[in-house]
Amino acid sequence: MHSHITKLYQLAAKPSRRIIGLMSGTSLDGLDIALCLISGSGQHTSVTVEQFITVPYQDEFRSRVQAVFAKRQVDLQQLTLLHPWIALQHAAMINQALRDWQVPASEVDLIASHGQTVYHCPLRQHQDPAWGNATLQLGDGDHLAVHTGIITVSDFRQKHIAAGGEGAPLAAYGDYLLFGSAQENRILLNIGGIANLTYLPADADLNKVFSTDLGPGNTMMDAYVRQYYPALQYDADARIASSGKVAPALLAALLQHPFFSLSLPKTTGPEVFNLQYLQQAQQQSGCTALSPADVLATLNCFSATAIVRVVQQLTVAAQPTVIYASGGGIHNPLLMQQIQQQLPQFPLRTTAELAILPDAKEAVLFAVLANESVAGSSDTFTATSEAMPAITVGKISFAD
């Protein structure tokens, strides 16, 4: 037996594994690094987050990714070079974090790397019957493994597509293992660049569990701020948006996109919801002369309304239901206020009440997926659906 296979066998047999979960979202604000101690697997999974940090991206990183991000036509050489380069940047960030935490790499069993999504392209988006679903994440797992000395599990989304899914969102698998409750129906709401949720019924029926994208979370607001306020990356504490007023005509135009009438589950991305779409909606609604503050106020309401509509659709016959939020959007007080005002009957909390830091949740979920790929059982997920095919995800890269 090859020594690599022997090592995987030994990892699977351990009662617990130390796994670094990574998440780099479409907001391009930084790399989330969560050092997790994960015990067991499947329904017996238990996670303790030992350390967590978000390493901010430098302007060089952000500009290089933005040159190819969500664009149909790019420099193919630049795209090719970015694949290993992103991994090397992430490896350096991991190595520095481990030094700061005084944790030797030899004490870490796995890295779970989501990579950096640069284009998400489900069939329902591109609508070309000659092709299927597709998505592309950069940040090569082999480079990560070699330059950290840690076995790396990466490229999680491809198996989901191969099994009939759209490659996103993947949160349902980890949410089901970590956050299910027999006492209440739960919605795990993540507000990143794109907003998504996982619905967890109290009866734990896998055939009812699913994840879906909801529409834009922070992506359009952040892009607008970067365009009109070049010194800022985002509207901190929604200070600009809070000084503006919602424009009903623009809001109505934004909500007319065909994505919102698609059946659940569904996926989307900044390829659809971007500043070009905003400009089209402004022209359609006659709102091209709005102040930046009014546009941001409207974009806040747009994100909140897109989220609320799906929650209302799910919870009409499923009360009591509690919403646990995570992601960068929870730091937008106006967005959270608008969601709660439109859903007064549902408690709106954060995953901190479930013992997982809201900013760390996605990185933790990928650590859980890596744990399942190494130590899980093939019968953990028995439901097979477009949203949640019964699969194990991730590709394994050895360090030597």
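Contact here means heavy atoms within 4.5 Å of one another. This briefing concerns a predicted model, in which local features need pLDDT of at least 70 and side-chain atom pairs count only at pLDDT 80 or more, while totals for chains, interfaces and linings use all residues. Residues are numbered from 1 along each chain as its sequence is written, and side-chain values use heavy atoms, with hydrogens and water left out. Helices (H or I, at least four residues) and strands (E, at least two) are DSSP runs numbered from the N terminus.

**Annotated segment and its leucines**

- The UniProt annotation "binding site", taken from an unreviewed entry, covers Gly 25, Thr 26, Ser 27, Leu 28, Asp 29, Gly 30, Leu 31 and Asp 32; UniProt positions are given in the numbering used here, feature names are shortened, and annotations may be inferred rather than shown by experiment.
- Within this segment, Leu 28 is placed in the loop between β1 (16–24) and β2 (30–39), and its phi is near 55 degrees, a positive value in a residue other than glycine.
- Leu 28 is buried, with a relative accessible area of 2%, where buried means under 20% relative accessible area, exposed over 50% and partly exposed in between (1.4 Å probe, protein chains only).
- Not counting residues up to four places away in sequence, Leu 28 touches Tyr 57, Arg 62, Val 65, Gln 66 and Gln 116.
- Leu 31 belongs to strand β2 and counts as buried at 0% relative accessibility; leaving aside neighbours within four places in sequence, Leu 31 is in contact with Leu 22, Met 23, Ser 24, Ile 53, Thr 54, Val 55, Tyr 57, His 90 and Met 93.

**Packing of α3 with α5**

- The axes of helix α3 (residues 76–101) and helix α5 (residues 141–148) come within 8 Å and cross at roughly 35 degrees; axes are lines fitted to C-alpha atoms, for helices over the stretch in contact, and angles run from 0 to 180 degrees between N-to-C directions.
- The crossing of α3 past α5 is right-handed, a crossing being right-handed if the near helix is turned clockwise from the far one by less than a right angle, and left-handed if anticlockwise.
- On the α3 side the contact is made by Pro 84, Ala 87, Leu 88, His 90, Ala 91, Ile 94 and Asn 95, and on the α5 side by His 143, Leu 144, His 147 and Thr 148.
- By class, this contact has six nonpolar, five polar and no charged residues, where Ala, Val, Leu, Ile, Met, Phe, Trp, Tyr, Cys and Pro count as nonpolar, Asp, Glu, Lys and Arg as charged, and the others, Gly among them, as polar.

- Five strands form an open sheet of mixed pairing, in the order β9-β8-β7-β10-β11; two strands pair if DSSP finds at least two bridges between them.
- The edge strands, each pairing on one side only, are β9 (210–216) and β11 (348–350), and the twist averages 25 degrees from one strand to the next.
- Strand β8 (residues 194–200) pairs with β9 in the antiparallel sense over six bridges, with Ile 194 standing opposite Pro 216 in β9.
- Helix α7 (residues 171–179) packs on the sheet and touches β7 (185–191), β8 and β9, its direction making about 45 degrees with that of β8.
- Helix α13 (residues 333–342) lies across β7, β10 (321–326) and β11, and runs at about 150 degrees to β7.

- Ala 238, in the loop between α8 and α9 (239–242), has a positive phi of about 55 degrees although it is not a glycine, and at 0% relative accessibility Ala 238 counts as buried.

**Prolines in loops**

- A cis peptide bond with omega of about -15 degrees joins Ala 168 and Pro 169, and Pro 169 lies in the loop between α6 (157–162) and α7.
- The peptide bond from Leu 264 to Pro 265 is also cis, with omega near -5 degrees, and Pro 265 is placed in the loop between α10 and α11.
- Pro 258 is found in the loop between α10 (248–254) and α11 (275–285) and is exposed, with a relative accessible area of 54%.
- Pro 258 and Leu 348 are 90 residues apart in sequence and 28 Å apart in space, C-alpha to C-alpha.
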